[in-house]
Amino acid sequence: QLNRCLFESKCGGANRSWDFEFVDKEDNDNLLFRFVYVKNKSISETRKILNKNEIERPISQSSNHLCQTFHGNTITTCKYLKSSKYLLTGAEDTQLIISKITNDKNSVNLIHEFHLQGHDSVVKCIDYYELNENEMLLVSAGGKANIKIWKVFLNENSQHNDSVNISRITNLYEFKRKLSQNKKNLNNSKNEKPWLYVDLKSNPDIRFMDVCMFRSDLTNDDAILCFACSDGCIRIFRYSVETNKLYLVSKYEYPKCLLCIRKLKIRINSIDRNYLLAFGTDGNLLFWKINESDNEKPQIIEKLNQSGINDVDIWQFSESNQAIMATVGDDTCLTLTKIEVDQNENLNTMSNLIKFEMIHSSAIVGVKFILENFLATVSKDQRLIVWEIDYKAKMIKPVKVYFINVPDVSSMDLKILEKDSIFQFLVVGVGMEIINFKLEK
């Protein structure tokens, strides 16, 4: 609660191997703090004697004064796990942390249960889908063309039937760009690893900016991973759960960096079909048929926004081939577009673009539909605004404005606590903030 540093050491950073422990001293008033880390190819140890009063709290309060370990740098992405009390966060410190939300009467507490490591650079995007009731696949990706795939094991809480706990997490797969590998080594390798030779040309600093993940239509054992990349490519991979291999299915090169990618599931001729929507730094939309051949190009719809599109959300009408798409970006503009996929599988804009300019005073980094006529936006101006939309009059009005404490906001997610009434916002940047919102119609 004091937010005071008790100890620090120039160890080289959290990416190194390190550990610590508290050791009781002979006198009951003090504790010995031992910190061990690897630096310059040697093991170093630092010790400090701390007074127990600085560490321990009274019995009437929770365990101790020490803050839980969390991200050591800007948090870049976040996502709620549906139907559970867990949330995911990835950051520039290369860590992926899974935290559990516990609600008291007057406060919301976070318990950081899993720290997943292994990325060489910033974690830019995360996504997941459920394999079955007890398992789900989780993908994390980011800088230096790193991809990691995890399996999350779930079990029901016996005390609360509506609660699900994560029992353990295993690392299934890791993809890192191998600059030193040569294709001729493929023939000499005993274990074929085709993912080592996926073409990621241009430069070694390719970033996966966004990802969407879903089950393959061809087989239930495969997952489709679609990436928007900093070199302007849309890359579609197929991951086989059974063989634990990753294959490049399709790729399209675009001259601008791609920032967002979303899946759109539409029913055409009584058949559910999956499509991709990708958005670039030029404000354009790329509409991509997932199962099409490499020589076909995606449909391009120009200038939804004046500049880069930072976030997108889609409100899809059930049993319909129509949806409403909201895009936000650096131009401080919110764009609403009604879209339709026709019988020829082309994307059409059903109505004129509705643009609301200067709704924030700085770049907008997040947008989420709450209901069909309510959505929320968050900006680097540290304001989260809930808007009510009047589609006939082509107007919006603010319903609620929150001034958030997180500087340099980078991402937002939304969770439904009670249907159509109570919602929970998760906002991350240099820190994290959770806001409960009650919608009064």
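Buried means under 20% relative accessible area, exposed over 50%, and partly exposed in between, with a 1.4 Å probe and protein chains only. The model is predicted: local features need pLDDT of at least 70, side-chain atom pairs count only at pLDDT 80 or more, and totals for chains, interfaces and linings use all residues. Residues are numbered from 1 along each chain as its sequence is written, and side-chain values use heavy atoms, leaving out hydrogens and water.

**View 1. Cysteines without a disulfide.** The structure holds zero disulfides (pairs of cysteine sulfur atoms within 2.5 Å). Cys-226 is in none; its nearest cysteine sulfur belongs to Cys-212, 4.2 Å away. Cys-226 is buried, at 0% relative accessible area. Cys-257 is also in no disulfide, and the nearest cysteine sulfur, on Cys-229, is 8.9 Å away.

View 2. Glu-433 sits in strand 31, residues 431–438. Strands are DSSP runs of E, at least two residues, numbered from the N terminus. A polar atom of the Glu-433 side chain lies 2.7 Å from the backbone nitrogen of Asn-405.

**View 3. Asn-274 in strand 17.** The strand spans residues 271–280. Asn-274 counts as buried, at 11% relative accessibility. Lys-263 is eleven residues away in sequence, with a C-alpha to C-alpha distance of 6.7 Å from Asn-274. Beyond four places in sequence, Asn-274 touches (heavy atoms within 4.5 Å) residues including Phe-214, Asp-217 and Ile-290.

Technical notes: Helices (H or I, at least four residues) and strands (E, at least two) are DSSP runs, numbered from the N terminus. A polar contact is a pair of N or O atoms within 3.5 Å; within protein, one must be able to donate a hydrogen and the other to accept it, and residues adjacent in sequence count only if both atoms are side-chain atoms.
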